[in-house]
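The entries follow in the order in which I went through them.

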Amino acid sequence: MTATDTASLATGDTGDPALRPLPGRAAALLASADAPPRLVAHLRAVHDVAAQLVAWVRHRCPRLEFDAEAVLFGAATHDIGKALHPAELSGPGALHEPAGRELLLAHGVPAHLARFAGTHASWTAPGVGVEDLLVSLADKVWKNKRVAELEDLVMARLAAADGRTPWEWFLELDETLTDLGEGADRRLAYQMSHPLTRR
């Protein structure tokens, strides 16, 4: 897959499901890393869900301060380390997490943006911010996977921002995540339609 092919996959028309293009910088990083097509497709799906979550939080909890652009960049690059550990595209493993962070840092990505490659599976680690939680949540709900512990942490941040109870937020968040989960089959089919290896 050439850099042009990667850029097209990262930003071009996806048909059904219609997925937002990846940020230009993320697309360039994926091309530079010679990312496999399935990885690019996966990142598009997660990024699209992250964008929907960001829009929902901004609308429903405007008092919650967070860096929306960081969330979107994090979602678009969180698994970039799988370009170096492609076996983790189809099987378990966490080698891609530190590798992805180091890859991003080596390409001049600031640490506050590179961190998502290492934190997307570590939502209970010290210092995890709401941005990290939203990237982690997008990385689960894109395939309709629900993780109560992660959702509880998100609800706590929402409740702390506007004073409503976590239970009130549970009702709203659950409805939103259920709606997002309904598109999972189409997103999974889109991802699986792309090869694991570069041509």
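I looked up Phe170 and found 28% relative accessibility, so Phe170 counts as partly exposed, whereas Trp167, at 56%, counts as exposed (buried is under 20% relative accessible area, exposed over 50%, partly exposed in between, with a 1.4 Å probe and protein chains only). This is a predicted model, in which local features need pLDDT of at least 70 and side-chain atom pairs count only at pLDDT 80 or more, while totals for chains, interfaces and linings use all residues. Residues are numbered from 1 along each chain as its sequence is written, and side-chain values use heavy atoms, with hydrogens and water left out.

My search of the whole structure for aromatic pairs gave two (rings of Phe, Tyr and Trp, the last by its six-membered ring, with centres within 6.5 Å; planes under 30 degrees apart are stacked, over 60 edge-to-face, the rest tilted). Trp56 and Trp169 are edge-to-face, 5.9 Å centre to centre with 80° between the planes. Trp56 belongs to helix α3 (residues 37-60) and Trp169 to helix α10 (residues 166-181), so this pair ties together parts 113 residues apart in sequence (helices are DSSP runs of H or I, at least four residues, numbered from the N terminus). Both Trp56 and Trp169 are buried. Trp167 and Phe170 are stacked, at 5.2 Å and 15°.

I also noted that the charged end of Arg164 sits over the ring of Trp169, 4.3 Å from its centre (the criterion is NZ of Lys or CZ of Arg within 6 Å of the ring centre and within 35 degrees of the ring normal).

Definitions and conventions:
Helix = DSSP H or I, 4+ residues; strand = E, 2+ residues; numbered from the N terminus.
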